[in-house]
Amino acid sequence: MSSGWPACINPGSLFLLTTHDDSPAPSIARDAAFFGLCVLLLLPSIWSASSITGQDEYFLSFRTVFEMQERGEWLTPYVNGEVRLQKPPLLYWLMRCSYLLFGSNLFAARIWTVLAGALMALFTAKLARRYQGSGYLAGVMIASAAGVMIESRRAMFDLPVGCLCTIAIYYSTVWHSSGRLTSAIASAVALGLASMTKGPVALWFFAAPMIAAALTRRRRSPGRIWHWLVAAAAFAAIALPWPLWVQAAHPQFWAVMQAQAEHREFGWPTAKRLGQLLGAILGLAVPWSIAVLAATFCGLRTKSTERDPARWLIAWVLIGLLPFLFMAAFERYMLALLCPMAVLAAHWLQGRTPPVQRVQLIIAATITSIPVAVFALFAAWFGFSYLLPAIAIALLITTLRMARRAQPNVSATALLCGAQLCLLLGFVYPSLGINQLPAALPDDLATTEVRTFARPQPGMLSMHLQRSVQQMSDAEGLAERLANYHGYLFVLDSDCERIEAAARTANLAIERVGSFHSFYSRKAWLKFFRQGLTKQEWLDAIANRTATNLKPRFVYYRLP
């Protein structure tokens with residue numbers, strides 16, 4: 001069994017992750033240091049236009065806050081000039097506040113999800129600590145999980161909801177064991193904030209471990225029932241005012257909620273949906289997916305106890321997944337379930353013999369190394385960067401060597417896996433220049449109307465101009481829309497012929513001002529190259545070591 005790291009001033013001194021005794025709870029200072037370390041893992045590249053993004057971020061999150069800002073509006077979110085009631089406004093409020101403090105930039109927009117990821121890691125560690133050791137291994141697994149690594153770099157709702165639900169669940173377990181009123185109130189406050197981030201789904205993520213506990217861990221709490229009456233009042237004070245106000249101010253609110261439900265495509269579970277759901281939840285936990293599966297298999301054969309809560313954690317995940325069996329959902333919706341998965345895997349891994357630990361760590365290190373190696377080689381081959389790929393390969397080799405030790409250091413290997421993903425997502429990936437805009441754009445963009453055509457790309461135009469750039473529809477009547485528009489129009493080169501034909505139909509003197517090549521994110525962050533590339537085009541690009549033909553070309557026009 002591996003031993004804890006020496007208590008010296010280095011990252012390892014923050015953890016003592018592999019202890020199995022009832023060590024005293026780490027100090028507030030050590031928890032703060034762990035939180036800071038998680039922030040350092042999740043922070044790099046959030047200020048970069050070429051960092052990981054997606055359409056929901058650059059076309060909805062950024063622009064909604066800009067339009068609220070332009071209107072001087074706090075209570076009602078707007079996008080595309082219309083009321084947007086699909087999501088509660090807490091994240092929008094936080095982004096507006098950081099815009100006021102730091103300016104309207106990417107760092108200000110994304111810092112809240114970085115903090116959410118780090119807090120989720122910390123409170124997962126605190127929850128794990130209630131059952132075994134220092135708990136920090138579970139926290140590192142959260143911070144190094146692909147789902148958290150990716151979503152912490154995007155201004156989206158799902159990671160803040162996962163964080164706040166984890167905090168609420170942690171304080172509910174504290175109340176259950178200590179009976180302190182303050183813990184019940186803290187749980188209710190966190191749950192209320194989660195509801196103000198993404199609505200009623202937070203209630204289900206909170207209910208799942210409660211139902212699981214009732215089924216697997218029947219023990220009375222010393223707390224008073226009236227504590228939860230106070231907690232319910234605290235929750236209602238946070239979660240209810242905005243929905244009640246918005247229903248009164250915007251009577252269409254309930255219809256919008258019904259439309260949202262219809263978009264979820266509810267239906268009976270199928271084998272295909274079950275497979276997709278399993279792949280999604282395990283994908284969020286990469287590189288710890290195999291450890292989670294192994295821990296689940298072992299946990300199902302043991303009785304849940306106060307010191308070994310495996311069955312409770314497994315039931316928590318399964319119950320939490322139930323609604324997603326009946327509806328279509330993105331994998332990021334299930335981020336809140338990473339907490340029990342990390343606690344389960346960490347608890348199981350710490351109790352294994354060195355050979356079993358070594359196998360699991362080699363698997364995790366290998367899974368991490370594959371995307372790191374692919375992107376590092378891509379960046380180096382096409383000349384985007386040479387130093388970063390060299391560092392990435394060196395870190396990859398170090399991680400694999402650490403994992404293969406006869407007496408594996410679980411904590412160090414887990415941290416190195418996180419460092420690899422940090423280097424990949426925080427440095428190597430941004431070096432590719434995805435969503436990058438040229439420096440030589442017209443000076444009068446800042447004072448002129450700007451739109452994109454048929455799609456929300458280039459995605460970073462709104463953030464570049466610090467205002468909401470709307471999209472011109474490609475529906476019928478394009479010539480008339482062009483005739484009534486005065487300003488710049490950004491068009492993908494495949495649409496240029498259509499734009500110019502419509503301009504001729506309307507007798508418009510349209511000016512092609514310039515063009516540029518740039519990778520751009522098409523919904524998923526991995527889809528950044530030109531759509532429709534053939535095998536031969538890929539082979540030619542690789543042979544010539546030039547990525548220009550892999551990039552889409554944008555053209556921008558000026559309409560008088």
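## Helix α5 against α19

Helices α5 and α19 run roughly parallel to each other. Their axes come within 9 Å and cross at roughly 15°. Angles under 35 degrees count as roughly parallel, over 145 as roughly antiparallel, 65 to 115 as roughly perpendicular, and the rest as oblique. Axes are lines fitted to C-alpha atoms, for helices over the stretch in contact, and the angles run from 0 to 180 degrees between N-to-C directions. Helices (H or I, at least four residues) and strands (E, at least two) are DSSP runs, numbered from the N terminus.

This is a predicted model, in which local features need pLDDT of at least 70 and side-chain atom pairs count only at pLDDT 80 or more, while totals for chains, interfaces and linings use all residues. Residues are numbered from 1 along each chain as its sequence is written, and side-chain values use heavy atoms, with hydrogens and water left out.

α5 passes α19 in a left-handed crossing. A crossing is left-handed if the near helix is turned anticlockwise from the far one by less than a right angle, and right-handed if clockwise. From α5, Leu137, Val140 and Ser144 take part. They meet Val410, Ala414, Leu415, Gly418 and Leu421 in α19.

## Helix α5 against α16

α5 (residues 136–144) also packs with α16 (residues 338–350): the axes come within 8 Å and cross at roughly 130°. That angle makes α5 oblique to α16. The crossing is right-handed. On the α5 side, the contact (heavy atoms within 4.5 Å) uses Leu137, Ala138, Met141 and Ile142. α16 supplies Leu338, Cys339, Ala342, Val343, Ala345, Ala346, Leu349 and Gln350.

## Nonpolar cores

The largest nonpolar core holds 134 residues. Such a core is a set of buried Ala, Val, Leu, Ile, Met, Phe, Trp, Tyr and Cys residues joined through side-chain atoms within 4.5 Å. Buried means under 20% relative accessible area, exposed over 50%, and partly exposed in between (1.4 Å probe, protein chains only). Trp316, Met334 and Leu338 touch the most other members of the largest core. Helix α19 (residues 410–428) gives the most to this core, with 12 residues.

What does Trp316 contact, leaving aside its neighbours within four places in sequence? The partners are Leu127, Ile169, Phe205, Ala208, Pro209, Ala212, Leu337, Cys339 and Pro340. Another core lies apart, with 19 residues, among them Leu60, Tyr92, Leu106 and Ala109.

## Salt bridges

The count comes to 14 salt bridges. A salt bridge is a side-chain nitrogen of Lys or Arg within 4 Å of a carboxyl oxygen of Asp or Glu. Lys126 bridges to Asp31 at 3.7 Å, N to O. Lys126 is buried at 16% relative accessible area, and Asp31 is buried at 10%. Asp31 also bridges to Arg129, at 2.9 Å, N to O. Arg129 lies in α4 and Asp31 in α1, so the bridge ties together parts 98 residues apart in sequence. Arg129, like Asp31, is buried.

Arg110 and Glu57 form a bridge at 2.9 Å, N to O. Arg110 is in α4 and Glu57 in helix α2 (residues 55–71), 53 residues apart. Relative accessibility is 0% for Arg110 and 0% for Glu57. Bridges with shared partners also join Asp56, Asp158, Lys198 and Arg332 into one network.

Met68 is found in helix α2. Its relative accessible area is 0%, so Met68 counts as buried. Not counting residues up to four places away in sequence, Met68 touches Glu73, Trp74, Thr76, Pro77, Tyr78, Tyr92, Trp93 and Arg96. Tyr92 is also listed in the core of 19 residues. Met68 and Ala506 are 438 residues apart in sequence and 34 Å apart in space, C-alpha to C-alpha.

Arg467 sits in the loop between α20 (461–465) and β4 (470–472). Is Arg467 buried or exposed? Arg467 is buried, at 19% relative accessible area. Not counting residues up to four places away in sequence, Arg467 touches Phe66, Glu70, Leu445, Ala446, Thr448, Glu449, Val450 and Ser462. The C-alpha atoms of Arg467 and Cys165 are separated by 32 Å, and the two residues are 302 apart along the chain.
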